[in-house]
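Take a minute with the model below and turn it around a few times. We'll walk through it piece by piece.

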Amino acid sequence: MKSIRWMAEKYLAEIDSWRVAFVEVFGSIWGNAFFQAFFWLMVVGNIVAMCFGDTLLR
């Protein structure tokens, strides 16, 4: 059981380091206003496409 617990702790530490790196990178990108506008445009576009896609295709 000790080895499984050790593997789990190692795995969680790995995830945590990845999460920290992701937050740092994404935070710097998120600070970019152009990227933020592009991101929200994509989100709204996807929602509109999901809601009105059927009526627009007809």
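Which residues do ring pairs link into a cluster? They are Phe22, Phe26, Phe35, Phe39 and Trp40. Before going further, a word on what you're looking at: this is a predicted model, where local features need pLDDT of at least 70 and side-chain atom pairs count only at pLDDT 80 or more, while totals for chains, interfaces and linings use all residues. Residues are numbered from 1 along each chain as its sequence is written, and side-chain values use heavy atoms, with hydrogens and water left out.

Back to the rings. A pair of aromatic rings is described by the distance of the centres and the angle of the planes. Here, rings of Phe, Tyr and Trp (its six-membered ring) pair if their centres lie within 6.5 Å; planes under 30 degrees apart are called stacked, over 60 edge-to-face, and the rest tilted. Searching the whole structure turns up 4 aromatic pairs. Take Phe39 and Trp40: their ring centres are 5.3 Å apart and the planes sit at 75 degrees, so this pair is edge-to-face. How covered are they? For relative accessible area, buried means under 20%, exposed over 50%, and partly exposed in between (1.4 Å probe, protein chains only). Phe39 has 29%, so it is partly exposed, and Trp40 is also partly exposed, at 45%.

Now zoom out to the overall build. The protein has 2 helices and 0 strands; both kinds of element are DSSP runs numbered from the N terminus, with helices (H or I) of at least four residues and strands (E) of at least two. The radius of gyration is 20 Å, well over the 10 Å that the globule rule gives for 58 residues, so the protein is more spread out than a compact globule. That radius is taken over C-alpha atoms, and the rule is 2.2 Å times the number of residues to the power 0.38. Along its principal axes, the C-alpha trace spans about 60 × 30 × 10 Å. Buried residues make up 2% of the 58. The accessible surface (Shrake-Rupley method, 1.4 Å probe; for residues, only the protein chains shown count as cover) comes to about 5,600 Å², and 74% of that belongs to carbon and sulfur atoms.

Helix H1 covers residues 2-30, and Leu12 sits in it. With a relative accessible area of 54%, Leu12 is exposed. Together with Tyr11 and Ile15, Leu12 makes a nonpolar surface patch of about 330 Å². Patches are built from residues with over 30% relative accessible area and no salt bridge, joining like charges within 9 Å and nonpolar side chains (Val, Leu, Ile, Met, Phe, Trp, Tyr) within 5 Å.

What about salt bridges, meaning a side-chain nitrogen of Lys or Arg within 4 Å of a carboxyl oxygen of Asp or Glu? The structure holds 2. In one, Arg5 meets Glu9 at 3.5 Å, N to O. These two are 4 residues apart in helix H1, which means about one helical turn separates them. Arg5 is exposed at 60%, whereas Glu9 is partly exposed at 46%. Arg19 and Asp16 form a salt bridge too, with their closest N and O atoms 2.7 Å apart. Being 3 residues apart in helix H1, they are likewise separated by about one helical turn. Arg19 is partly exposed at 47%, and so is Asp16 at 36%.

Last stop: helix H2, residues 33-57, where you'll find Gln36. Gln36 is partly exposed, at 27%. From Gln36 to Met50 is 14 residues in sequence and 21 Å in space, C-alpha to C-alpha.
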